[in-house]
Amino acid sequence: MLIGILAGRFPTSREPSIGGKAVPVWAIVLGTLVLFGLLETNSWALFDWIAGKPEGASYLLALGTLRWLPWLIVPYAAACLLFGARNGACALGLCGSPLTGLAVALAITLPNLLVFAVFLDWQWPDDPLRKVLQYSVFPGIFEEVLYRAFLFGFLFRYARWGFLPAALTSAVLFGAAHIWQGGDYIEAAGVFAITGLGGLLFAWLYAEWHFNIWVPAGVHLLMNLWFQFFAMPDDGSGEIYALAGRLVVFVPAIGLTLWMARRRGHRVVKETVWLRGRPRHSRI
């Protein structure tokens, strides 16, 4: 996988197949999600048993390997099954440029940072390395690999579901996975709505930036990162600022992406693939 990422792109044009026979991609996606759910449950139990207190290198090692590594290993295994080990990384969008992803993400999330800087107080977090890894780097990268590159990407790029069906499926599951963050039913519904909306934006960014997963991963990572360095008020205004910080990224994300699409001379998500079909250049 590392060799594939460093190589950039493979000059291949492979359709999904197992043993030389075409397979329904949606069935592979469904089976993989079931397998992931089983592993996720057991890895959480193993992590709680091994990790101990949330401090030190041993905790971070357990967090990265037991808690988050399955989010990469499981979809990568499915990608290798369909496309071969040499192409698995590119099928998940990992062969795109990480530097491009970071640069685009910085431009998109700058208004988010400015909102926090103007209205909130700076706060250096306790145990910054752990919090940055646990709440920003790991979820920002691994959640995007599973929800965007694998779930949305495989349904849109290879199963011909169309953008909206694939993106909505991914967004609903993405939002549902975060409802635990709400303290009551109303807050949970709000978390589901805003997280699902963010999932739709991330899916669109992934597609329009030519399936470079580092673009939505970078945006996701940096949006989570800014939260770690500002103190949120305990009253209701903290939720307002948090919501404003999330929503404000939509304008630069859409504007910058459309500007770049005009420079390229085409958009990936067109009217012909909104409901059914897959985009051009969707093969690895």
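**Figure 1. Salt bridge between Arg 130 and Asp 127 in the predicted model.** The closest N and O atoms of this pair are 3.1 Å apart; a salt bridge requires a side-chain nitrogen of Lys or Arg within 4 Å of a carboxyl oxygen of Asp or Glu. Arg 130 is buried at 12% relative accessibility, whereas Asp 127 is partly exposed at 34%. Buried denotes under 20% relative accessible area, exposed over 50%, and partly exposed in between (1.4 Å probe, protein chains only). The model is predicted: local features need pLDDT of at least 70, side-chain atom pairs count only at pLDDT 80 or more, and totals for chains, interfaces and linings use all residues. Residues are numbered from 1 along each chain as its sequence is written, and side-chain values use heavy atoms, without hydrogens and water.

**Figure 2. Salt-bridge network of Glu 208, Arg 264 and Arg 267.** Glu 208 is buried, with a relative accessible area of 1%. Its salt bridge with Arg 264 has an N to O distance of 3.7 Å. This pair links helix H12 (residues 250-264), which holds Arg 264, to helix H9 (residues 185-208), which holds Glu 208; helices are DSSP runs (H or I, at least four residues) numbered from the N terminus. Glu 208 also meets Arg 267 in a salt bridge (3.7 Å, N to O). Arg 264 is partly exposed at 27%, and Arg 267 is partly exposed at 34%.

**Figure 3. Surroundings of Phe 156.** Leaving aside neighbours within four places in sequence, the contacts of Phe 156 (heavy atoms within 4.5 Å) include Phe 163, Phe 211, Val 269 and Arg 278.

Technical notes: Helix = DSSP H or I, 4+ residues; strand = E, 2+ residues; numbered from the N terminus.
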